[in-house]
Amino acid sequence: MVHTTGPQTFGRFRLDSAPKRRPQLQLSPTGRPIKQSRKSHTKSRHGCSTCKRNRVKCDEARPLCGRCFRRNDTCVYEDKLSAELGDEVGLPEIVLQDQSLESWAEHERLEWRIESGLTYSHINSVLNKGLLRELNIPGTAMTPSTHLTRHLAQCIDTSFQSSPGCRLFHRFVLPNCAATPALMHGLLALSARQLQHLQPSCRLHERAYLFHTQVATRLLNEELVQTTLAAKNLDLIFAACLLINMISFATSDTGPAKSWLLMSDSVSIDNALNWFMVQQGMGYLSKILNRNPNGSVWNTELNADTSCNPLFAISDGLPSYSDLELIPPKLAEICRITTDTTPDDNPYYTPLVLLSRAFRIKSLGLGNLNSYLSFGPHVPQSYRLLLRQKDEKALLLFMLWLMLFEEETCWWIHARTRNEYAAVSWLLGRSEDQRVREVARDPTVFIRSGSPT
C-alpha cells in the first residue's frame with residue numbers, strides 16, 4: 001500500500017494528474033512489435049438495450065429477454081436497418097403532413113401516410129428509418145416498430161381465440177396491410193398494447209400503442225367518411241376497425257374502481273365508456289360487408305368453420321319474432337317485451353334477443369368469443385344512449401352480457417369484463433326493483449336452465 005501524500009498518488013487510487021501507463025510492447029525476434037489479439041467476450045451482440053446498458057449478457061429472447069423478465073425491467077431491442085434495405089425502401093414513400101413538432105403532444109397528433117406498393121417485409125423499415133429520423137426523435141422515445149413487427153405473429157396467435165381468425169390475419173391481413181395505412185398502424189398498436197400488458201411499467205410500449213392507435217383511428221375515420229368505399233378495401237378496413245376495437249377493449253386497470261359506472265363527471269364517463277361505444281363501427285361495416293356483391297373474405301372464412309357461428313359474428317338481419325321464444329319470461333317482463341313488441345318501439349328488444357341467443361348456445365356448449373362479442377356492434381343507438389344514462393334495464397342487459405365472458409382468459413378481454421361486471425352487479429344489487437336484485441344475485445340461471453326461465 002502506497003502512503004505518499006504528494007500530488008501524484010494517494011493510496012491505491014490514481015489521480016487525473018498522474019502520468020498514464022503505456023502498455024509495454026512485445027517484440028518479435030526480428031525486433032518488430034507483435035500485434036496484441038483482442039480478448040474475446042461473452043456478451044451478446046444483439047441483446048436488448050437494458051442488458052447492454054448494464055453490461056451483462058442478454059439471452060436475446062423476444063419480446064422479453066429472460067433477465068428483464070425476471071427483474072421486471074424495460075426490455076426493448078433497438079434494431080438497426082441494413083444499408084441495402086434502407087436504400088431499397090427510401091424516404092419518399094413517407095408523406096408527412098406536419099414536420100414542425102415542438103412537443104410530444106404534437107407528435108401524437110401527427111398525420112402521415114405510406115404510399116401503396118410497399119411489401120409487408122418493408123413496413124418496419126419505413127417507419128423506423130423515416131418517421132423517427134425526420135422528426136428528430138430518439139429511437140428510445142417509443143418502442144421501435146421493428147420490435148413491434150417481430151412480435152406481431154405471437155400477438156395475433158394469443159389475441160384471436162379461433163383458428164379461422166388467426167388464419168385470416170396470417171394469410172390475408174398481414175401480407176396486404178401495407179396497402180391500408182390505418183390497418184398497418186392498427187397492427188402495430190395491438191402489438192404494442194400487448195407488450196404493455198406484459199410489461200405495465202414500460203412507458204415505451206405505452207407511447208407506441210397510443211401513437212399508433214391515434215394514427216390508425218384518424219386514418220380509419222378518413223376512410224369511413226368517404227362517399228364510396230372501394231370494395232377491394234372493405235375487408236382490410238373491417239380488419240382495421242376490429243383491431244381498434246380490441247385495443248379499446250383492453251385495460252390495465254386491476255379493479256372496478258375506475259369503471260364508468262362509478263363516475264359522475266360527464267366527460268370522464270364518455271372517456272371510460274368509449275371502449276363500448278366504439279363498437280358501433282363494427283356493426284356499420286358488417287352491414288356493408290354483407291351487401292358487398294363480391295363477397296367478403298371474412299364471411300367466406302367464417303362460414304367454412306361452423307364453430308365460429310357466423311350468424312353471430314357478422315349479421316345484418318333484424319331479430320325475427322321466432323326469437324321471442326328464446327327470451328326468458330322474467331327478462332321479458334322487466335323489459336316490457338310482449339308478442340306485439342318490435343325492435344323499433346322497444347330499445348331493449350334487440351339486445352335481449354342477442355343475449356337470449358348467446359344464453360342458448362352457451363348452455364349447449366357452443367359459445368365462443370365471436371358470438372358474445374357481436375352484442376356490442378349490433379345493439380341499436382337507442383340502447384347505447386340509455387346505457388350511457390345508466391338506465392337500470394339497460395344496465396341489467398349490460399351485466400348479463402359481461403357475464404358471458406366469465407370464463408374467458410384472453411388478455412384483452414378478461415380484465416375489462418371482470419372489472420365492469422363487478423361494478424354493475426354491485427350497483428344493481430342495490431336496486432329498488434326486487435326483480436332486478438334477484439337477477440343480479442344469480443344471473444347464471446339463464447344459462448344453467450338451457451331453456452327460457
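## The largest pocket

The lining of the largest pocket has 12 polar, eight nonpolar and six charged residues. Here nonpolar covers Ala, Val, Leu, Ile, Met, Phe, Trp, Tyr, Cys and Pro; charged covers Asp, Glu, Lys and Arg; the others, Gly among them, are polar. The structure is a predicted model, in which local features need pLDDT of at least 70 and side-chain atom pairs count only at pLDDT 80 or more, while totals for chains, interfaces and linings use all residues. Residues are numbered from 1 along each chain as its sequence is written, and side-chain values use heavy atoms, with hydrogens and water left out.

The volume of the largest pocket is about 670 Å³. A pocket is an open set of points on a 1 Å grid over the protein atoms alone, where a 1.4 Å probe fits, with protein on both sides within 12 Å along at least five of seven lines; lining residues have an atom within 4 Å of a point. The volume is the space filled by probe spheres set on the points, which are joined across faces, edges and corners.

## Who builds the lining

In total, 26 residues line the largest pocket. Nearest its centre lie Y209, S248, A250, N271 and R416. Which helix gives the largest share of the lining? Helix α9 does, with five residues. At least two lining residues come from each of α9 (203–224), α10 (231–249), α11 (266–272), α12 (274–277) and α22 (414–428). Helices are DSSP runs (H or I, at least four residues), numbered from the N terminus.

Where does the largest pocket lie? It lies between domain 1 (142–240) and domain 2 (290–441), because both give residues to its lining. The domain bounds come from an automatic or database domain assignment.

T213 sits in helix α9. T213 counts as buried, because its relative accessibility is 15%. Buried means under 20% relative accessible area, exposed over 50%, and partly exposed in between (1.4 Å probe, protein chains only). Leaving aside neighbours within four places in sequence, T213 is in contact with A189 and I247. Contact means heavy atoms within 4.5 Å.

S268 belongs to helix α11. Its relative accessibility is 31%, so S268 counts as partly exposed. S268 and K258 are 10 residues apart along the chain, and their C-alpha atoms are separated by 9.9 Å.

V278 is in the loop between α12 and α13 (280–290). V278 is partly exposed too, at 26% relative accessibility. Not counting residues up to four places away in sequence, V278 touches N245 and S248. S248 is also among the residues nearest the centre of the largest pocket.

## Two positive phi angles

Most residues other than glycine have a negative phi. R55 is not a glycine, yet it has a positive phi of about 55°. R55 is in the loop between α1 (49–54) and α2 (66–71). With a relative accessible area of 64%, R55 is exposed.

R336 also has a positive phi, near 60°. The loop between α16 (329–334) and α17 (349–363) holds R336. R336 counts as exposed, at 67% relative accessibility.

## Confidence in the model

The mean pLDDT of the protein is 74. pLDDT is the predictor's confidence in each residue, from 0 to 100. Of the residues, 66% reach 70 or more.

Where does pLDDT stay under 50? Residues 80–140 are one such stretch, with 99 contacts beyond four places in sequence in the model. Residues 304–321 are another, with 46 such contacts.
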